[in-house]
Amino acid sequence: MAMRRIGSSSGPNNLFNICRGLSTTTPWLGSPDETKILRNGTTKSMNLFTAINQALHIALDSDPRSYVFGEDVGFGGVFRCTTGLAHRFGKQRVFNTPLCEQGIVGFGIGLAAMGNRAIAEIQFADYIYPAFDQIVNEAAKFRYRSGNQFNCGGLTIRAPYGAVGHGGHYHSQSPEAFFCHVPGIKVVIPRSPREAKGLLLSCIRDPNPVVFFEPKWLYRLAVEEVPEDDYMLPLSQAEVIREGSDITLVGWGAQLAVMEQACADAQKDGISCELIDLKTLIPWDKETVEASVQKTGRLLISHEAPVTGGFAAEISASLVERCFLRLEAPIARVCGLDTPFPLVFEPFYMPTKNKILDAIKATVNY
Amino acid sequence: MAVLLRKSRGALQFVKTRPGLPGILNSRIFSCSSYHCKSNNTSRNGYTLHSSFLGLPGYSVRFQASLHSKALQLEDHDYSVNDQDWDFPGGKVPFTTKIKFTADSSEDRIHCYRILDSSGHQILSNTSEMISKELAVKLYSSMVTLQMLDTIFNEAQRQGRISFYITSYGEEAVNIASAAALSNDDVILPQYREHGVLLWRGFSLQEFANQLFGNRADYGKGRQMPIHYGSNKLNYITVSSPLATQIPQAVGVAYSLKMEKKDACVVTYFGDGSSSEGDFHAGLNFAAVLDAPVIFFCRNNGWAISTPITDQFRSDGIAAKGQAYGIPSIRVDGNDVLAVYDAVRKAREMAIKEQRPVLIEALTYRVGHHSTSDDSTKYRALEEIEHWKTARNPIFRYRNWVERQGWWNEEQETELRKSVRKQLMNAIQVAEQLDTPPLTDLFTDVYHDMPSNLKEQERSLKETIKKHPQDYPSGFVV
């Protein structure tokens, strides 16, 4: 189940490995239910974009009123996530749109308001801002403002997010915090192929509009066994993916692989880390995080987005409210810098393994 | 990357449709997948990766893509070269040796379709075939009702009984006649000055009053400002304040009707100001490209709050923009009931039969202030308002015609006004006496199911209310 180890020539100075080392030992399996899925059905080793693609095939196959659209999705998408869909389901259900994000989301809201499942692709999360008004003022409030006479719950907006090694300002951003400030939508980010498939199917079938950010760094790099059948993973449910007793680490998406490596290194120094994948950022699972912090007494949150106003701040404040007397040290945030995402400085900008490891040690030894 | 990924698209877009150019086809695919290839081959700052790290090597990705391109393909092309024209995507483009820029607009302004002249005389002779006595009278009485509804609710706002109001004075014909030309199965995505459409569809005066007072019978549960009406049963999607956002949404709704082969279309309303918003352009372009059966109905009333249309655009109004998007368009006299009715009826027929969008620009005038928060005499001449209110009044004009047909008289007028006034006063009284929505409506409908943070906030708020009841308005059921 482990992600495939990448970079056979990785040495101690291999920055990629430091940034992005993916463990061969991580037990990505979660709850017993999920294990059952694997036992009962056949699984196949696949990468993240293929898992997304499989989820989209299942979504379109299982509901004739579902549609996939966005820039370049007709030929399979620039990240290949929509490969084969137009061929199988026809150009009326899988189609290119004009290059206009506000149009894509606005169109999706209207389609969803008629009871369809509208699966919209925004080519990069960095380009989602023209659609911000449609997401924030329209999709998020559609049900509330009509007194539940209308809703666009069938809308799912997919967008690749995050660092990729050479993306610079406009192919690297992690804009999740903007959307976490908006009641009425859900924000979901998967960490691996199997999670991506199960969570995406849940998002598509959820009766609320969802923004689903896909870690594009992992599209090809992350490979694991994924059940071939139709399965869903619960939203607003965090998962403890590594149990520990000294400190709790919370993250989501691609950052978890970096955090996992920091946990493994901390273990060598005798520090036992508990690692939580939040999965759904709003509405988020405070209880799982709280239970863990009550146990460990320490908390570290890590994300790629700039630290100021990032979602780590929200988690930190909430956990101080709930666990103030149990905390043994200040809550640590290891995040992106408060700069635009920089091209050649990316290795300096990133919340790397050693930054996390240092923060773990500082927190535990506080 | 932005340049590579986004700018290269236009140039390569048409090349991919040519099966005879596999090299270029692949280069396009490659330009996209090169994102990853680069990602995995770039050596920068010490980290080096090899393509073998990929889940799928680049080659097989391109191969897959080629297969799908073939599967999706695409008509045969004539690759012969001639010097008369260019077989460019979208049709043949003739060559010319004359250097000539297109004009900024056509010499003539787009003409304005009308049936009645300014005094209500019929210009065309075949109108009686178009419209029955029953429909003609209903059109008239609805326009009068709309005007009275506006007068009385506006007055209620002035008296402080409701917080806000917007009238449709001067646009009664646009409202009522466009609604009359539609079927109730047609879905409406309104802006906020089209409550006449809702009135035509059967929204009762009581239902209007309930929304304005935000009482517990308001379908919107008191959450939105007055005039943000919505009705599921009347296919009238709830008003939202942001301008033009409804326009691309209308295309999505229309696409759904198209896919389900419904004998219905979508009508979305907006003003001249909204035509400057990005969503207007997004919506028109999407509708044209996706062949969506939607009528874009622009009420060009000359003013966007205080901004006159001369500060809004340089084009020949809104109708001129349709052609650039490939949408058949018409300009109509918005103060001529029969012309609006006829134009919408024909537009509806085109939209449904031909499965395509249509744009209507109705020229009219906002006789009232923008809203009760506005005093339009600050920025426009009283004489101008007065002129439109009297000489160009759509109700007077239409009444002349209906009376000339022998279908309406003073007695009916008095009776109608008396009856509507009574119903409106009664509706206000009832609406005022109805309770406010229960406090729990503050928290429901944010999501399909209430999440734990909202449950916690509801519980906490209730405790605060118990502790400080004087801080909160009375009448809410906690």
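1. Helices (H or I, at least four residues) and strands (E, at least two) are DSSP runs, numbered from the N terminus. Two strands pair if DSSP finds at least two bridges between them.

2. This is a predicted model, in which local features need pLDDT of at least 70, side-chain atom pairs count only at pLDDT 80 or more, and totals for chains, interfaces and linings use all residues. Residues are numbered from 1 along each chain as its sequence is written, and side-chain values use heavy atoms, with hydrogens and water left out.

3. In chain A, seven strands make an open sheet with mixed pairing, in the order S3-S2-S4-S5-S7-S6-S12. S3 (94-96) and S12 (280-282) of chain A are the edge strands; each has a single partner strand, so one side of each lacks a neighbour in the sheet.

4. Within this sheet, S4 (residues 117-121) and S5 (residues 155-161) of chain A pair in the parallel sense over four bridges. Ile119(A) is opposite Thr156(A) in S5(A).

5. Helix H3 (residues 48-62) of chain A lies across S2 (66-70), S3, S4, S5 and S7 (210-215) of chain A, at about 135 degrees to S2(A). Angles run from 0 to 180 degrees between N-to-C directions, and axes are lines fitted to C-alpha atoms, for helices over the stretch in contact. Helix H5 (residues 101-113) of chain A lies across S2, S3, S4 and S5 of chain A, at about 170 degrees to S2(A).

Definitions and conventions
Chains are lettered from A and ligands numbered from 1 in the order in which they are written. Contact means heavy atoms within 4.5 Å.
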